[in-house]
Amino acid sequence: VSAPKILIVGGGYIGFYTALALKKRLRKGEAVVTLVSPDSYMTYQPFLPEAAAGTLEPRHVVIPLRNVLDKMTVLTAEVTGIDHDRKVAVVRPRKEDPYEVPYDEIVIGVGSVTRTLPVPGLQDFAVGFKTVGEAIYLRNHVLSRLDIAESTRDPERKKRALTFGFVGGGYAGVEALAELQDLASDAIKKYQHISAGELRWVLVEAAPAILTEMAVAAGEYTVEILRKRGIDVYLSTTVDSAEGGIVGLSNGESFPTDTLVWTAGVKADPLTTSLPWETDDRDRLIADEYLRVKGVEAAWTAGDCAAVPDVIKGGICPPTAQHALRQAKRLAKNLVARVRGEDLKEFRYRNLGGLASLGRHKGVASIMGLRVRGLPAWFIARTYHLMMIPTVGRKVRIALDWTIALFFKRDAVQLASLQTPREAIEEAWGPESKDG
Ligand SMILES: Cc1cc2nc3c(=O)[nH]c(=O)nc-3n(C[C@H](O)[C@H](O)[C@H](O)COP(=O)(O)OP(=O)(O)OC[C@H]3O[C@@H](n4cnc5c(N)ncnc54)[C@H](O)[C@@H]3O)c2cc1C
């Protein structure tokens with residue numbers, strides 16, 4: 001009998017940590033594992049805000065899949081469909097022809113996508129905050145707004161360049177805003193014509209609270225901290241329009257801006273709804289307590305794309321890295337148990353708290369009901385993530401980035417031209433070249 005084929009869809013927290021745990025647990029020849037993900041690396045998302053702020057080198061917050069998952073096949077491609085009756089997945093490398101990959105067991109860890117809303121004008125200029133590309137873009141964009149503000153002679157243009165809007169009060173929106181505000185406050189010290197009071201940072205959240213992934217108190221506390229830092233936090237407020245870069249809020253206020261970061265809610269990756277299986281109102285696959293797709297043989301799911309029951313507190317587990325990491329480990333153990341014909345164990349995880357970094361020496365944490373803020377919270381958050389980021393190589397690189405940041409001033413140069421590498425040569429050719 002040939003070894004069972006395990007196909008992992010997604011190379012994020014679930015995909016990566018499941019594959020890593022399988023690598024450690026599976027005996028030689030016990031199963032053949034293939035992982036499919038559009039990127040050749042796993043993104044350690046909690047570090048993206050620091051990559052945007054320039055405290056961490058962007059390459060250091062991603063883990064190359066093939067470096068760690070040796071002896072496994074990693075396909076840099078997307079799964080565009082699954083025929084579970086025939087046990088085949090349709091795999092399509094970027095811009096290449098699709099083909100079928102057979103499997104015996106499938107793990108679906110495709111994560112989430114930003115929930116877009118039909119707000120007029122939003123599509124034209126809002127940017128998300130989920131990928132390294134977006135983090136680098138935002139860093140360059142924010143710094144280039146400072147350059148515009150310093151160099152223009154038009155006060156309205158300056159005001160608009162120095163207004164930064166963030167929509168969504170989850171980890172991504174709050175941490176990105178706090179880190180970028182910290183970066184800009186540091187950077188303007190070198191500018192002659194920008195004062196701290198001219199920068200405006202706005203956070204808009206439709207719900208009455210932010211950081212709902214953490215304890216309620218931590219969210220309230222963070223609002224207090226952000227407001228003390230001069231950030232305008234609008235709760236129970238929505239963005240109703242964004243036409244021409246004028247952001248209109250449901251409370252009647254509006255502001256012109258060049259920057260609108262959209263992290264307002266997530267829903268599961270659309271692959272979930274293309275499957276003939278039950279999903280919830282956020283398009284998440286319904287998982288059982290063993291991390292199997294409910295009622296489906298040989299299909300497993302966890303993370304942001306799955307509604308995983310919280311057997312300790314009741315309800316559904318929140319979409320956090322902390323949960324995804326533990327779910328992946330349990331999922332791998334159950335998968336190995338199934339291959340060996342052993343009993344499965346349910347996923348049980350008692351979350352001890354939450355952590356958020358809010359800029360250099362600033363943070364908020366809620367640990368076993370205790371609220372911690374400022375330097376201690378920042379230190380705890382950093383230590384926790386340094387412990388959690390996989391591979392010794394990444395840990396050392398991150399620690400070195402932080403050490404350098406302790407001794408040297410923040411590097412506040414913008415390299416926005418990286419995003420338009422052909423501009424210079426196109427200019428050299430002149431306008432005629434474009435006409436053909
Ligand atoms: C900026 C930011 C900061 C965060 N900070 C924190 C924090 O401080 N603490 C915390 O606990 N949580 C934090 N989170 C949340 C945490 O990162 C997520 O909960 C976690 O990444 C979920 O893991 P996942 O594997 O389900 O999804 P992901 O890690 O997003 O992985 C999904 C993977 O699936 C791939 N994929 C998607 N579609 C397909 C397809 N069709 N075929 C193949 N592959 C596919 C994607 O490319 C990706 O590799 C943060 C999130 C963000 C965006």
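**A walk through the ligand site, pockets and cavities**

Hello everyone, let me start with a pocket: helix H5 (132-151) and helix H11 (392-407) each give at least two residues to the lining of the second largest pocket. Helices here are DSSP runs of H or I with at least four residues, strands are runs of E with at least two, and both are numbered from the N terminus. A pocket is found on a 1 Å grid over the protein atoms alone, as an open set of points with protein on both sides within 12 Å along at least five of seven lines; a cavity is a set where a 1.4 Å probe fits but cannot get out, and lining residues have an atom within 4 Å of a point.

Before going on, please keep in mind that this is a predicted model: local features need pLDDT of at least 70, side-chain atom pairs count only at pLDDT 80 or more, and totals for chains, interfaces and linings use all residues. Residues are numbered from 1 along each chain as its sequence is written, and side-chain values use heavy atoms, with hydrogens and water left out.

Back to that pocket. The second largest pocket holds about 490 Å³ of space, where a volume is the space filled by probe spheres set on grid points joined across faces, edges and corners. Its lining has 20 residues, and Gly54, Leu56, Glu57, Arg139 and Asp411 lie nearest the centre. By class, that lining has 10 nonpolar, 3 polar and 7 charged residues. Nonpolar covers Ala, Val, Leu, Ile, Met, Phe, Trp, Tyr, Cys and Pro, charged covers Asp, Glu, Lys and Arg, and the others, Gly among them, count as polar.

Now the ligand. Which residues come nearest to the ligand? Out of 31 residues around the ligand, they are Ile14, Gln45, Val79, Asp304 and Ala321; being around it takes a heavy atom within 4 Å. Helix H1 (13-25) and helix H9 (321-340) are among the elements that each supply at least two residues of this shell. The shell has 15 nonpolar, 11 polar and 5 charged residues.

Some polar backbone atoms also lie by ligand oxygen atoms: one of Ile14 at 2.8 Å, and one of Tyr13 at 3.1 Å. A backbone N or O atom of Val110 is 3.4 Å from a ligand oxygen. Taken alone, the ligand exposes 1,000 Å², and the protein buries 92% of that; these areas come from the Shrake-Rupley method with a 1.4 Å probe.

Let's stay with H9. Its 20 residues should span 28 Å at 1.5 Å a residue, and the end C-alpha atoms are 29 Å apart, which agrees; the expected span is 1.5 Å times one less than the number of residues. After H9 comes Gly341, with a positive phi near 75°.

H9 turns up again among the cavities. The structure holds 4 cavities of 30 Å³ or more. About 50 Å³ lies in the second largest cavity, and H9 gives the most to its lining, with 3 residues. That lining includes Asp304 and His323.

Finally, the largest cavity has about 90 Å³ of space. Glu175, Arg382 and His385 are among the residues lining the largest cavity.

Methods: Polar contact = N/O pair within 3.5 Å; in protein donor to acceptor, adjacent residues only side chain to side chain.
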